[in-house]
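Good morning. Please look at the screen.

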2 protein chains.
Amino acid sequence: MGDKDRAKVIFQPSGRRDEVPKGITIIEASRRVGVDIETLCGEKKVCGKCKVRVEEGFFEKFGIHSSISHTSEWQEEEGKFITEEERAAGYRLGCCAKVEGDLLIFVPEESRAGKQVVSKAARDIAIEWDPAVKHYYIELKEPSFDDPTGDFERLTEVLEAEYGLKGLEIDYLTLMKLPSVLRGAKFKVTVAVWMDKEIIRVLPGEVKDYYGIAIDVGTTTVAAYLCNMATMEVIDTVSMMNPQCKYGEDVMSRITFHMMHEDGLERMSNDIIEGLNKLIEQACEGTHPPKKKVKGDNGDEWVEEPEEGKTYLRLSRDDIEDMTLVGNTAMHHILLKLNPEYVGLAPFPPVVHRSLDIKGRDLGIRINESSYVHILPNEAGFVGADNVGVLIAEEPYKNEEMTLIIDIGTNGELVLGNKDKLISSSCATGPALEGAQITFGMRAAPGAIERIKIDPETHEVDYKVIGREAWRSYSKAEEMNTKGICGSGILDLLAELYRSGVILKSGRFNPKQKSNRYRKNPENGQGEFVIAWANETAIDKDIVVTQKDIRQIQLAKGALYCGCKLMMRRMGIEKVDKVKIAGAFGTHVDREKALIMGLFPDCPIESIIAVGNAAGDGARAALLNVEKRKEANWVARNVEYIELTVEEDFQQQFMQAMQIPHMTDNFPHLKGLVPDHILNQK
Amino acid sequence: MGDKDRAKVIFQPSGRRDEVPKGITIIEASRRVGVDIETLCGEKKVCGKCKVRVEEGFFEKFGIHSSISHTSEWQEEEGKFITEEERAAGYRLGCCAKVEGDLLIFVPEESRAGKQVVSKAARDIAIEWDPAVKHYYIELKEPSFDDPTGDFERLTEVLEAEYGLKGLEIDYLTLMKLPSVLRGAKFKVTVAVWMDKEIIRVLPGEVKDYYGIAIDVGTTTVAAYLCNMATMEVIDTVSMMNPQCKYGEDVMSRITFHMMHEDGLERMSNDIIEGLNKLIEQACEGTHPPKKKVKGDNGDEWVEEPEEGKTYLRLSRDDIEDMTLVGNTAMHHILLKLNPEYVGLAPFPPVVHRSLDIKGRDLGIRINESSYVHILPNEAGFVGADNVGVLIAEEPYKNEEMTLIIDIGTNGELVLGNKDKLISSSCATGPALEGAQITFGMRAAPGAIERIKIDPETHEVDYKVIGREAWRSYSKAEEMNTKGICGSGILDLLAELYRSGVILKSGRFNPKQKSNRYRKNPENGQGEFVIAWANETAIDKDIVVTQKDIRQIQLAKGALYCGCKLMMRRMGIEKVDKVKIAGAFGTHVDREKALIMGLFPDCPIESIIAVGNAAGDGARAALLNVEKRKEANWVARNVEYIELTVEEDFQQQFMQAMQIPHMTDNFPHLKGLVPDHILNQK
């Protein structure tokens, strides 16, 4: 694959990628692919700002991790900014290290010129307070000759008398600490009880506030919600790239990595577990005052710099008393070191459906040492605990309305139904709708095009980038600093290209172009359309959409549309009452554009609702309400999973669905949104 | 303490001890204290048979582990027989290393001239088969498109349909292995289920026999019973010294060690856990063919030498699917790393009474990785799970008869009662009845005097040693090879000294001696009585009993008698219907002698029953019958613990009880056993 003088580079966490000539520095490569790395000194190797971590090799889905170095030799100057430990972990200066082969490069937060926008924020959903872990305050009598009852029985007798908690057990590690906590607290303690069943922590005195964390492990992004379990308040939302991305971008390539490497499962699991630990640490760190480096007697020291008048919770991992996890079935299995092989092979049986309660310590997850991690149940091999999370957050099974729920991540998951029946399915949308595999695709970060308009008369383009209020038409070219197109921009792009007549229903460029933005790429002869001219960009290149890009987006939208349609056919319905779009994608989507582009069957625009990271909301609901856990187990076994690829006419349906909009279906709600002559194209 | 030119030495596991002059070799010291170490070459440093492990320092109850070497320098010859690893572990050759200070010396099995007699053998008690872990064989259908149910649900649905097991959970580590076991076994598997609740192992094919281990952790001795859980057969009994002996001989000194050392609890716990792991390994090893060392291409190799026609179970630790543990409250707490401090302080509350089910892996105990260890409940601070074991083995609460159960180990535990009421107590018998703290006391091993008769007319002594059928009077002097006196011999000794009139009721030597066996020790002027003349011994010394020895035995028997009597007073009874003697001591005891000596209140001789290691039997009952576990929890909370030392007249009662027999009590059943003139002494 590819020219031997060129190498493939991917920058994380932005996900930007390209082939670049071998021999250029990482900084130079970052410019070519539109990634901003700090270079204060202008590459004079003296500021150390351009520190990056190089993760070599393994790109190809079925490739093998290469042991040959893909960067140039270590330079003396790098030693001034990179410790021995960091060096061992793969850190280099971007201005020193040259690209000698395929590279995966991680740009740490502090080396990035623009900070990524976290789109997996917590949404307000109504949750009734009834968490699995509850706090009980009790005061005990001290032991005496008249009553020499042991510590544990002394505790549980009062918990039964005052709170009706019967037959309580205690985690062994908490039991070990019991005698000293009781005596240190003069027998006045707060007891954290899991599921009214097991004591998992005993704290001195009365402690009302306590904490838990709900985590959504996506194929690409991991989001965590740190919650006060007493008040249900979300204290912080933190997120990170799934560290498994280096093993493959999608579910199937990770399953393949496991099959090709004896220790593949172990490595991928350990990476995500370690990632979760860092995320938990980060969430706790956020409850402490910021720190500043000062010169101390023994070199540099970090001292706290609390803001005046502000109080800090100062949580540590021991304070995280409960945790819930959602993820698709493959992420679920890999995290739990359950063989994911059969999930990828027909008939795709998972190792387990039901929810699991596993001690954090057994998983290597560092929360309160006696606490459980609750992992939500899986529906089927391709519809996992994340979809169950969406369902318990949205509760379609409680309504009359026929609801279609679309969760677009790296994999598309679909649920259709109401209180009478629910069916689910999955479709291989791929990462195109998230900006990957698109020439100038990038993640939602400053400089990414998020909105596009194309004038049907002139085919002139107007657009807006993340991080800048004013549209292109109200800005000077040099003010834009455009870098690429993110997910919501891509959706706009296809809809606008179609509505304005730049492309035809089939997705091909219209031979009749009205501006100079359309051209053939001189290198490969492919058609392309310029969205932003080089002088508007931070990368000194025209940002274009190619015929191949359009095809990629069509494949994704076709998979999704075809999935929806086949499900409706199975359900025996012609139209849906409501469409809910979940996932980061849903938060930024323009409903009108989604409708025009034909992501899903026709529906009144006001019935299309973006529900944000509903999977994460479901994890949060299960954290704060134990009935939601039961509901999850019920729904996981009562949604009928439908494997769409086995439908006889699947290929034909899929081909038709790639048209914008679907070839033969009716779209009454597109009237007025798209000019008639465009809609009526043959 | 002691002369600066002398050092204290203790040999384990025999427990023999003495002060010896500094500068003699360990072999020489072993002879002086009557311990047999192999010396094939006659101390020419060429055979390597006399390998011992030296554990220095710490003897005094409140002492600190010394870092000064208490042995002479390493000699070149030792290197021929002792590897670097063994050297680091403290191994020396007994003929090379000289005693330079106090020493604790462990004589490994292979260096011992006589093998210790395991007295904690399993007894036949009636147990109904109903173990906590049961095996279920099932055959599953393979997943298909019509039925793509996940592995765990596939398994549990059949277990519910065929065996009525509802709501089964699965241990996480077993879940991890499930998909490959199922497919490897073509979906025909045997499932090990704990408490009809949790799957802890899945084995390919049909597996009927399975295994568990019941362990009694005594203060001094640890005994383990490896059982076939399907047939209830005891496959092997293995035992060892409690490795915590080096921290102190009795319960209080170990609690003190914890209080004096920050890591004391951790060290003592780790030692016993490691000891249990070795014991489990040893039990498994016994189910494999013996091994022989042969010369291979790459040096020495161990090869199996199976006996012809014999089949071997070849168990590994993974095959131990269940485990039960008993021990006194302090041993229980120390093993579980529960602070034992308060167990030693009034009002002696334990950390926990009820039984515990803790994953072996959480304790560091290496059995099947998903299995639980069931720890029986504690009654009170001084009456622990071992006593509960005795109770569920003997079931006094099921009978009308008023039964007194005496468990004599390093600590004495007493239970009195019947189906209407049970009370328990403990008494500080100390280790004298087991042979410790007695000048020529030793454990039950070949050469130990186990039976003694003294002629009332002549005060001549006849005796029998372990390992030889013929009594002294039927043997030549040089045939005896006598080494010391063990527990059962000590009991005979006091009874016979009293019955024959060698000593008086008060325990003092009778001034009217009828043989030349009585003399004053020229070194300390103390009275002593010769049991075996030097020419009958393997240690070339007269084996004597001193006035101090007699006082030690009286203290022990007094504590026991006083305990029994005060309990009877509390219960409001004058006599008991039955006396059961548990513990290793009980197995060897001569009932008549125990009665004469006044170990417990008067009782018809036929109503005195030795019940062996009933604590271990209880552990075994709990291993094989889950109802016994419930019974144990019930009985632990329904036995009333009585602290005897707080009784007003305790001191007076104790003093009176030291008399042989009790000063004022009536002993109708001694009539005929002891001459009237002896009984009627004032």
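How many bridges join strand 18 of chain A to strand 19 of chain A, and do the two run parallel or antiparallel? There are 6 bridges, and the strands run antiparallel. Keep in mind that this is a predicted model.

Strand 18 covers residues 403-408 of chain A. Between strand 18 and strand 19 of chain A lie 3 residues, and the two strands form a hairpin. To find one pair on screen, take Asp407(A), which stands opposite Glu413(A) in strand 19 of chain A.

Strand 19 of chain A also pairs with strand 20 of chain A, residues 422-427. This pairing is antiparallel too, over 6 bridges. Here Gly412(A) has Cys427(A) as its bridge partner.

Now the side chains. In a regular strand they alternate between the two faces of the sheet. In strand 19 of chain A, Gly412(A), Leu414(A) and Leu416(A) point one way, while Glu413(A), Val415(A) and Gly417(A) point the other way. Both sets are buried, and the count for the strand is 6 of 6 residues.

Next, the cysteines. How many disulfides does the structure hold over all chains? The number is 0. Take Cys603(A): the nearest cysteine sulfur belongs to Cys564(A), 11 Å away. Cys603(A) is buried at 1% relative accessible area, and Cys603(B) is buried at 0%.

Definitions and conventions
Residues numbered from 1 in each chain as written. Chains lettered and ligands numbered in written order. Predicted model: local features only at pLDDT ≥ 70, side-chain atom pairs only at ≥ 80, totals over all residues. Heavy atoms only, no water. Disulfide = S-S within 2.5 Å. Buried < 20%, exposed > 50% of the residue type's maximum accessible area, 1.4 Å probe, protein only. Helix = DSSP H or I, 4+ residues; strand = E, 2+ residues; numbered from the N terminus. Pairing = 2+ DSSP bridges.
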